[in-house]
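Here is a short report on one chain.

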Amino acid sequence: IFIRKREKTKSVFKIFLRSFIVFCIFAGIASVKFHFDGKAWIVKKHQEFEQRNKTQADYIANINDKIKKDPNNAVLLTNRGKYNVSRFHKHKEAILDYEMAISLDPGYVKAYQELGYVLMVEKRFDDAIVLYKGILKKAELQTIKLSQQEKDFFLRSIKDYEKYKVQ
């Protein structure tokens, strides 16, 4: 009895799909593709996942190789930190990369911005506010150059973080 119900369900499903395809063709939807074989879809998704992981591993390996060749490059350290945050959610490693980038090049503003963002994600609002106020003070003393857009970013972020801190 169970087998017959299952066969009935499959045939009803196939009839539904066929009628849906006919509807789509008449409705003008082009290139409607259905895969009746679930295994093919799963294999395809698994291959895409493996390729994406391989690409990410290659990217990190490439950045690490470049950092080994040029360990004093603040831009590379900042890029590795951004990738660690966005892809792997490794905030502590990213913070170390940003701090190293800032120590190597105190004038590289992007490292300050990214570090403040990660501190905010880690709910360390006080640290982010101190960092941003510190860079604005450095700009006032003209030890670092900031564009007006960057100044506005830091001021706006300080206001936002103070709101988050209160909540």
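## Opening question

What is the handedness of the crossing of H4 and H5? The crossing of these two helices is left-handed. The model behind this answer is predicted.

## The H4 and H5 pair

Two packed helices are described by the angle between their axes and the distance between the axes. For H4 and H5, the angle is about 150° and the axes are 9 Å apart. Angles over 145 degrees count as roughly antiparallel, so H4 is roughly antiparallel to H5.

From H4, the contact draws on His91, Ile95, Tyr98, Glu99, Ala101 and Ile102. From H5, Ala111, Tyr112, Glu114, Leu115, Val118, Leu119 and Val121 meet them. By class, the contact of H4 with H5 holds 10 nonpolar, 1 polar and 2 charged residues.

## The H5 and H7 pair

Helix H5 spans residues 109-121. H5 also packs with H7, at an angle of about 10° and with the axes 12 Å apart. Angles under 35 degrees count as roughly parallel, so H5 is roughly parallel to H7. The crossing of H5 and H7 is left-handed.

On the H5 side, the contact is made by Val109, Tyr112, Gln113, Gly116, Tyr117 and Met120. On the H7 side are Glu150, Phe153, Phe154 and Tyr161. The residues of the contact of H5 with H7 divide into 7 nonpolar, 2 polar and 1 charged.

## The chain overall

How many helices and strands does the chain have? The secondary structure comes to 7 helices and 0 strands. Along the sequence, the pattern reads α-α-α-α-α-α-α.

The chain has 167 residues, and buried residues make up 28% of them. The chain exposes about 12500 Å². Carbon and sulfur atoms supply 57% of that area. Consider next the contacts between residues at least 6 apart in sequence: 45% of these join residues at least 24 apart.

## Loop residues with positive phi

His89 is not a glycine, yet has a positive phi of about 55°. His89 lies in the loop between helix H3 (74-88) and helix H4 (91-104). Is His89 buried or exposed? His89 counts as exposed because its relative accessibility is 56%, and the cut-off for exposed is over 50%.

Gln142 is not a glycine either, and has a positive phi of about 60°. Where is Gln142 found? Gln142 sits in the loop between helix H6 (125-140) and helix H7 (148-166). The relative accessible area of Gln142 is 71%, so Gln142 is exposed.

## Lys92 in helix H4

Lys92 belongs to helix H4. Why does Lys92 count as exposed? The relative accessible area of Lys92 is 66%, and over 50% means exposed.

Lys92 and Gly81 are 11 residues apart along the chain. The C-alpha atoms of Lys92 and Gly81 are separated by 9.3 Å.

Terms used. Residues numbered from 1 in each chain as written. Predicted model: local features only at pLDDT ≥ 70, side-chain atom pairs only at ≥ 80, totals over all residues. Heavy atoms only, no water. Helix = DSSP H or I, 4+ residues; strand = E, 2+ residues; numbered from the N terminus. Buried < 20%, exposed > 50% of the residue type's maximum accessible area, 1.4 Å probe, protein only. Contact = heavy atoms within 4.5 Å. Areas by Shrake-Rupley, 256 points an atom, 1.4 Å probe, with all protein chains shown as cover. Axes fitted to C-alpha atoms, helices over the stretch in contact; angles between N-to-C directions. Parallel < 35°, antiparallel > 145°, perpendicular 65-115°, else oblique. Left-handed = near helix turned anticlockwise from the far one by under 90°. Nonpolar A, V, L, I, M, F, W, Y, C, P; charged D, E, K, R; others polar.
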